[in-house]
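Please consult the sequence and the structure alongside the text.

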Amino acid sequence: MLTACERRLITFYLANAASRLHHQDREASELADWIADRDNRLAFGTGRQRPCLHHPDLEEGMSKGKLVCLGAALREEYAKVRRARPDRTARRLRALGETTGLSRTDLDVLELLLRYRTQPIIESMVDDIFGRAARSITPFNLKGRALPALLGMSAYAIHGRLRDDAPLVRSGLVSVDSDGDLNVVDRLNRLVTTPGGACLDVHRLLFRAASPSDLGWSDFDHVARDRDHVVDVLRGALGTGATGVNVLLYGSPGTGKTELCKVLAERLGVTLYSVGESDEEGGEPLRGERLQELRLAQRLLGGDRRSILLFDEMDDLLSGAGPDLSLFGLSLAPRPQNGGSKVFMHRLLEQAPVPTLWTMNDARHLSPPILRRMMFALELRRPTPQVRARIWMRQLERHGIEAQTCDALSLAREFEATPGVAAGATAAAALSGGGIASVRHGVRSLSRVLGGEKPPQGPSYRFDLALIRSDSDPVALADQLERSGERHFSLCLQGPPGTGKSAFVRYLAERLGLEVMQKRTSDLLSMWIGGTERHIAEAFAEARDTGVFLVFDEADSLLGDRRLAEQSWEVSQVNEMLTWMESHPLPFACTTNFGRHLDPATLRRFVFKLTLDYLAPAQVATAFRSYFDLPPPVGVVDLPSLTPGDFAVVRRQAEILGRLREPEALAAMLRAECDAKPDRPRAIGFRP
């Protein structure tokens, strides 16, 4: 049973066709046949009008008079139903036209194409009348007669609404292929198929609004300056209606790029639409499909000051365009034959009427012309331990895993896990019914693959300033730096393993109210030429942007004597270090067990240099009492090369062996630690 709106549309289309066709046209006969075949369903006319619509002589051929009679009857039928109320689809199309500025003619073309795709009776009408008569082309082709005839318009007028620069085509709602065939964008089917009232927001019908973020504003405090700047830019763009507002967010997978986009939208109180994530069947979209949806969203949301767009994984656009592999000039492979145009993308960015957030993992894949069209580029790095602890605590609470604040802080310090990894590990633990141990097991498995697992930072023994033996007073240095408020300085700590180099740096950072960002040599060295230099630069930049105390462990691997270099990269990485050391505005420290291996120029660049040594006899006695709660036996204080680290190791041995209350056994273990060392102590200046 046809609805009143469907009957009105069909009658309108048929009446137009009957008035524009010639009685000798095959389409005229097909039109009459189609009406006759659907007599019961169409239920046209009553009384004396019905014989004209179903004239028995029509079977003998169409004459001019018969066609005139048929057209008059159809117009009379249309007059009866023309005031039928628009159905849900029609009202949604009208709302779409209002938001996009489409003309009445544009909407008529669009509605016919959409109804043809979604309503079988209209599909059969078009195919039976116009498809059979013109087998060489599809019914809706610029060369065909279907559109002008059914809409009652001239072919010239139709062609004018379907030019490349016309609103229908420019918006992406309708496309015209190389053969002249018309296609309506697949997602318009949602106007027909999506349940609910006609008053639903048409934008939300066509595009997917991003879900709320699991993260909050404070979870991005480690990029607070950039985050706040992006909000100001977007707020200004929405307020003024500025075009060409594009912001790039880049960083390693899982660092929270998409979540930050959601948080930014929530902060602004606007809707974030994520475009190009899937095709109409929910499958993986092609590059062209992603671009088509982006163009459509830009056009349809162009006048909406309460919306911004997210184009996630911009890397997808780096294939198949430009003179080489990427759309943006990344020279890795020959250009495919069907590659896109760089000029097209440049104009798409420059003329974008809706503020757009772009995300990708590695911004180095973008060429300078594309980067110049970004208003701002925000790098998402791994959050600081404090931020990671908040994220961990929120995820643990969300999944009902019992944990204390100290557990979250321990996870944050033990793993450089991104927000995505934290969410996955806690969700898995909840599914398995496990607790905090299950979370740690899960995140360790992921971090091992992702390279985010690290040994616990800081000493494994209790830190005591009284057990630091240095050539200058470390406490006095810390006191002076704290009083002065000075932050632009560098520090080199050298000495045997276990003497407290890293522990003192952490003590100093705590005095200065700074968090420590510790980088191991393995974090920085790269097998690729230039890779180590890039990692060094990134480490300094991250420390500067997050305001932390940067520490390089095993610095002799990065600052080796250039006079002994055999490869050019050995020199260039030292040069990179020296450049950054001089310009870095925050505290920076290097620790090394082999100070004599450092480049002489490097040592001159450090503002402070501390040499730590083995414990003095009085310190050995203090350490013995501190670690074992026993008086030191005879001879222990004379051992020549003990460190606080040695006492920590021996205590662990004694705990395992059950000999914590045996002073002589403890002394023998300490003596064995001394004998295992290849070097011997030397006299140095300052003594506490």
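What pLDDT does the protein average, and what share of the residues score at least 70? The average pLDDT (the predictor's confidence in each residue, from 0 to 100) is 83, and 86% of the residues score at least 70. This is a predicted model, in which local features need pLDDT of at least 70, side-chain atom pairs count only at pLDDT 80 or more, and totals for chains, interfaces and linings use all residues. Residues are numbered from 1 along each chain as its sequence is written, and side-chain values use heavy atoms, with hydrogens and water left out.

**Nonpolar cores**
- A nonpolar core is a set of buried Ala, Val, Leu, Ile, Met, Phe, Trp, Tyr and Cys residues joined through side-chain atoms within 4.5 Å; buried means under 20% relative accessible area, exposed over 50%, and partly exposed in between (1.4 Å probe, protein chains only).
- The largest such core has 81 residues, and Leu96, Leu110, Met125, Leu173, Leu188 and Trp358 have the most contacts inside it.
- Helix 1 (residues 4-20) gives the most to this core, with eight residues; helices (H or I, at least four residues) and strands (E, at least two) are DSSP runs, numbered from the N terminus.
- Beyond its neighbours within four places in sequence, Leu173 has contacts that include Leu96, Leu110, Asn183, Leu188 and Leu300.

**Helix 29 and helix 30**
- The axes of helix 29 (residues 617-628) and helix 30 (residues 644-657) come within 10 Å and cross at roughly 35°; axes are lines fitted to C-alpha atoms, for helices over the stretch in contact, and angles run from 0 to 180 degrees between N-to-C directions.
- Helix 29 contributes Val620, Ala623, Phe624, Tyr627 and Phe628 to the contact, and helix 30 contributes Pro644, Phe647, Ala648, Val650 and Arg651.

**Positive phi values**
- Most residues other than glycine have a negative phi.
- Glu313, in the loop between strand 6 (307-311) and helix 17 (342-350), has a positive phi near 55° and is partly exposed at 35% relative accessible area.
- Asp629, in the loop between helix 29 and helix 30, also has a positive phi near 55° and is exposed, at 63% relative accessibility.

How values were computed. Contact = heavy atoms within 4.5 Å.
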